[in-house]
Amino acid sequence: MGDLTPSQTVGPFLALGLPWADGPFVVPEGTPGAITISGRVCDVAGDPVPDALVETWQADEHSRFDHPDDPRGAASSAVPGFRGFARCPTDAAGEYRIVTIRPGPLPSPGGATEAPHLDVSVFARGLLDRLVTRIYFPDETEANGADPVLAAIAEPARRETLIATEAQDGGPGEFRFDIRLRGEGETVFFDV
Amino acid sequence: MSDGLVLPLYGRPDGVHPPLNSPEYRSSQLRAPLRPLVPMPQGLTEVTGPLLGAERVTAADADLTTRHAGEPIGERIVLTGRVLDSDGRPVSGTLIEIWQANAAGRYNHPVDDHPAPIDPNFDGGGRCMTDSEGRYKFVTIKPGPYPWKNHPNAWRPAHIHFSLFGRAFTQRLVTQMYFPGDPLFAQDPIFNSVPDPKARERMIASFSLHLTVPDWALGFEWDIVLRGRDATVFETRADA
């Protein structure tokens, strides 16, 4: 791996290059069965981070990826417009929001089953490399309990930082997932 | 669910990327996690990734000098290179997004308060898809260096921000490209956050007289290398 190009921070001006008008939409708004995941990115002081970018990547409702490296074969979702990927810059309050569908569970190379999840990348000024985390669902207790990635987190209490919550005052399918970059309640980040 | 799922395995970039906690880069001390990263086994979500972009890129997006009524001020440059993985294979059909300051070192962004002029003919963002050989090409102007508040008399070396997807979640990379011979390298904590001096050099483009377009634009070349699939695993699979 000796010749890789190193990572550098996205800096404070990513808005000049990275936001897409349709970025937050894994599926178009109004798609039947769509869910929203929103949350706040905050720093060591608990202050909102207004210049971050949150990206997500996930399987479709049938646990499939439209990708040639999936050994089960590339398969496209039955949900019109599904693309698996979302990208949302945070606003002045540190908030992001994406619109998606619930992914299915996944087989893993070790034979275990991964609970439904989204992979997340966080980019921001102050981060010299992206941070990788995962979003799991609060009503998948049994599947989460058998998930090999959650199980790899040594302290069970920290696993809770990866479980979304049902949004207070929200309707069905509205989830919250806050990301604490540093300090008390720090989100678990992965070396992938 | 099925057993015996065999996935490509992407090698880990040990020792290449900057430590997240780099105290000389002050804002890392507000935002970079304190806890060690948890090693994650690579599964289907990690070895796949968004193969997007072609539908949102036009040929004009790769030329940052022709978007407005007039031409931007500055040194016009042609910037080209290849995107490869660490096994030397070209990464074709992948989206590259760039953004940069103008020739005076000013970003066209409300947060930038550097008292240098905005160029009404330059917005500073571009995108393109790599071709079948992994090649990309942009036409732009050389960005200027600019001061920032990290430490007294701090200046960023001239740079262009690059964002790449590759073909897998593991390959996602955001970085910065620098220009050869910049006298500001020695005092820049972001450039120097990369611990290995040889790795730092891999962020610096080369001037190319060959790529220079006579009477029109200077040429620079910069190859980008993303994580490849682990060679050991390939040998194992070939033997199997």
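Visitor: In which sense do strand 12 of chain A and strand 1 of chain B pair?

Guide: In general, strands of a sheet pair through backbone hydrogen bonds, either parallel or antiparallel. Here, strand 12 of chain A and strand 1 (residues 38-39) of chain B pair in the parallel sense over two bridges. Strands are DSSP runs (E, at least two residues), as helices are runs of H or I with at least four residues, numbered from the N terminus; two strands pair if DSSP finds at least two bridges between them. F190(A) has V38(B) as its bridge partner. The model is predicted, and its local features need pLDDT of at least 70, side-chain atom pairs count only at pLDDT 80 or more, and totals for chains, interfaces and linings use all residues. Residues are numbered from 1 along each chain as its sequence is written, while chains are lettered from A and ligands numbered from 1 in the order in which they are written.

Visitor: How many residues does each chain bring to the contact?

Guide: Chain A brings 64 residues and chain B 71 residues, where contact requires C-beta atoms, placed from the backbone, within 7 Å. Among the elements of chain A that each supply at least two residues to this side are helix 2 (148-151) and strand 12 (190-191). Strand 7 of chain A gives the most, with five residues.

Visitor: Which strands form the open sheet of chain B, and in what order?

Guide: Four strands form it, in the order 4-3-8-9, with antiparallel pairing. Strand 4 (125-129) and strand 9 (173-178) of chain B stand at the edges with a single partner strand each, so one side of each is left without a neighbour in the sheet. Strand 3 (residues 95-100) and strand 4 of chain B are joined by five bridges; W99(B) stands opposite G125(B).

Visitor: Is I101(A) buried or exposed?

Guide: A residue is buried if 20 or more other C-beta atoms lie within 10 Å of its own, exposed if 12 or fewer, and partly exposed in between, with C-beta atoms placed from the backbone. I101(A) is buried, because 20 other C-beta atoms lie within 10 Å. The residue I101(A) sits in the loop between strand 4 (95-100) and strand 5 of chain A. Not counting residues up to four places away in sequence, I101(A) touches several residues, including V26(A), I35(A) and F82(A).

Visitor: Which residues touch the most other members of the largest nonpolar core?

Guide: A nonpolar core is a set of buried Ala, Val, Leu, Ile, Met, Phe, Trp, Tyr and Cys residues joined through C-beta atoms within 7 Å. Of the 104 residues in the largest one, these are V26(A), V41(A), V122(A) and F123(A).

Terms used: Contact = placed C-beta atoms within 7 Å.
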